[in-house]
Amino acid sequence: MTKNMLFQKGNIGNMTLKNRIIMAPMGVKSEPDGGVSAREIRYYEERAKGGCAMIITGRFATTEKYEMRSHHLLTDYHHVGRLGLLAEKAHHYGTRLCVQIGPGLGRIVHQDPFTPPYSASAVPSFWYPELICRPYEKKDIHYLAWSVGYAASLAKTAEADAVELHAYGDYLLDQFMTSLYNKRADEYGGSLENRMRFTLECVEEIQKQCGRDFPVIVKYTPCHGIPGGRELAEGVEMARMLEAAGVQALHVDMGCYERWHELINTVYDKPGLQLHMAERITETVRVPVIAHGKLNDPKLAEQALESGKADFVALAHQMLSDPDWPEKVKAGQTADIRPCIGCNECLYQSHLGKEYSCAVNPRTLREDDYPLEKPDEKRRLLVVGGGPGGMAAAITAAELGHEVELWEQQAELGGMLLAAGAPAFKGDMLRYVDYLKRRLKQLPIKMRLHKKATATEAISNRFDQVVLACGAKPFIPPIPGADDKHVLEAVSFLRRDGETGNHVVVIGGGLVGCEAAIHASEKAETVTILETQPEILYQVPHPRNNDQKLKELLAEARVKAITGIRVKEILADRVEFQENDHIRTIPCDTVVMATGFKADHALEEALEEAGISVKSIGDAVKPRKVYDAVHEGFHAARLLGRGTW
């Protein structure tokens, strides 16, 4: 794929880009002073090295006068130095740097339940609806617009190539442009022209302080997809107004926080879900349009350009999982791309207050923390289990030169991901399995399938160290009737292609149970989830956008959930359960048990007793997520020959 549109040069204003691939903006943590960190510079440098034409940073706040700083600041000259170093390092690889700037978050500020945030009008805060926002006064709006221009001038001083105005996705400028949140009666409210005034004043200030030749991109949302939100017809008119104001490119987004899964896509969303939006804007304006939204597949990205739906494609989370996506596509090595699995652990880790990372790429934003250096002493390593953690451990160890053997008791590698990726709406998981299998074959790793590990054999083979990645077993509670032939364990159910009954009951409303219910709905007439907790997905540690989309899929599949109950008995044609003080029944011909998993530590204990150096990872420690398995497998292998575990 070396002569396609993805690798043709393109222009945004007077700026030439070496290809049509852009790294989309994603926020990362800053230094305490709000400036760019050395860690962040290194992270962006790796993406520039990977071949993208332009990097758009996450948002830099242009002031902290009105709201708490979420990530970065670009407010005075002491922020210029490190930003300039970032620009310099990007330029070494022929990559342009675009700094995203914005005046605020407005009703989306997540500060505390006591401090009302500022917004266009007195509307409810998103995170704390009982808090009513404080409307900005006109003098404050004027100051904010000036601050945007000044921040842009600092970016230009740092030799950034462009700025992108943060005007999308339910944030402050978008709130001003949206009648749902803008109830003002002055010149900043009412008509579309008035609601656009603040954004256009920001554009004008950038032009005033940087010159009209300095490229300005505006990222905005033509359609929110919620009742009362912006409809596409208005979004099209906004595009015309932005173009008339001298904006050199439009970066098209979709959704809002009420539909966060469209704003930040999930494993459950279809590829290219925002392309129709970009296409409509491309038909409207002459300036270049940047599209994004699950364009990870190189063929789809190319089609978006060839069909004229967009002028540039932007990749976000895919650039976390594999910064070399552009170079691999250019070289025709698409099968070697480490795919994003849409888990949004990057987002979730940040919401926990941790440094951003990636489930399938443990070195994301840790490029210098965890270098892969050849050890002084090579080891013979046995990896037990061919799931994501085991494969990650084997691959990393082999890359470092260790002698590696992998035993998997099943007929196929993949572990729990084979079940997780079985539903039609989660194909991203199977693509990751395919990537891992391919990588294993490229390395000198001895693989043995249908091989059940025993302590005796592991000891007799004289392995120096053992990584246990043998997963966890399904936990089936002692419910009468749970062993009947019409009762299926959830993982087996997800993987089988056999017939499903017309009336399915899923016991357990966690992640596996909900996904099994949606899968069952493709053939069954009715599907019901029975859950002991007060609501489904109650204790699932995943981000809110994934939660939104999964619940939307459940609603579309007409899956019924009965929560706060206790299952009493499974009978041949019904399930009996207790709800409050009443005993109820629900008819069924298939029951799916999604009641959790339990780690088995017997092999670990036997190996330890024999004096073997052993490290358990992933679900072999306790049932958790892909993130935990892959990271623990990577680090177990990285530390081989560098002291004890």
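Contact is taken here to mean heavy atoms within 4.5 Å of each other. In this predicted model, the buried residues of helix 1 pack against strand 3 (21-23), strand 4 (54-56), strand 6 (72-73), helix 2 and helix 11 (317-321). The buried residues themselves are Glu40, Ile41, Tyr43, Tyr44, Glu45, Glu46, Arg47 and Ala48. Helix 1 comprises 12 residues and reaches 16 Å from its first C-alpha to its last, which is close to the 16 Å expected at 1.5 Å a residue. Just after this helix, Gly51 adopts a positive phi of about 110 degrees.

The packing of helix 1 (residues 38-49) with helix 2 (residues 80-92) is set at an angle of about 20 degrees, the two axes lying 9 Å apart. Because angles under 35 degrees count as roughly parallel, helix 1 is roughly parallel to helix 2. The crossing of the two helices is right-handed, and the contact is made by Ile41, Tyr44, Glu45 and Ala48 on the side of helix 1 and by Arg82, Leu85, Leu86, Lys89 and Ala90 on the side of helix 2. Classified by residue type, this contact has six nonpolar and three charged residues, with no polar ones.

Helix 19 (residues 511-521) is mostly covered, with nine of its 11 residues buried, namely Gly513, Cys514, Glu515, Ala516, Ala517, Ile518, His519, Ala520 and Ser521. The elements that cover these buried residues include helix 15 (417-420), helix 18 (490-495) and helix 20 (544-556), together with strand 21 (503-507), strand 22 (526-531) and strand 27 (590-593).

Notes. Residues are numbered from 1 along each chain as its sequence is written. This is a predicted model: local features need pLDDT of at least 70, side-chain atom pairs count only at pLDDT 80 or more; totals for chains, interfaces and linings use all residues. Side-chain values use heavy atoms; hydrogens and water are left out. Axes are lines fitted to C-alpha atoms, for helices over the stretch in contact, and angles run from 0 to 180 degrees between N-to-C directions. Helices (H or I, at least four residues) and strands (E, at least two) are DSSP runs, numbered from the N terminus. Angles under 35 degrees count as roughly parallel, over 145 as roughly antiparallel, 65 to 115 as roughly perpendicular and the rest as oblique. A crossing is left-handed if the near helix is turned anticlockwise from the far one by less than a right angle, and right-handed if clockwise. Ala, Val, Leu, Ile, Met, Phe, Trp, Tyr, Cys and Pro count as nonpolar, Asp, Glu, Lys and Arg as charged, and the others, Gly among them, as polar. The expected span of a helix is 1.5 Å times one less than its number of residues. Buried means under 20% relative accessible area, exposed over 50%, partly exposed in between (1.4 Å probe, protein chains only).
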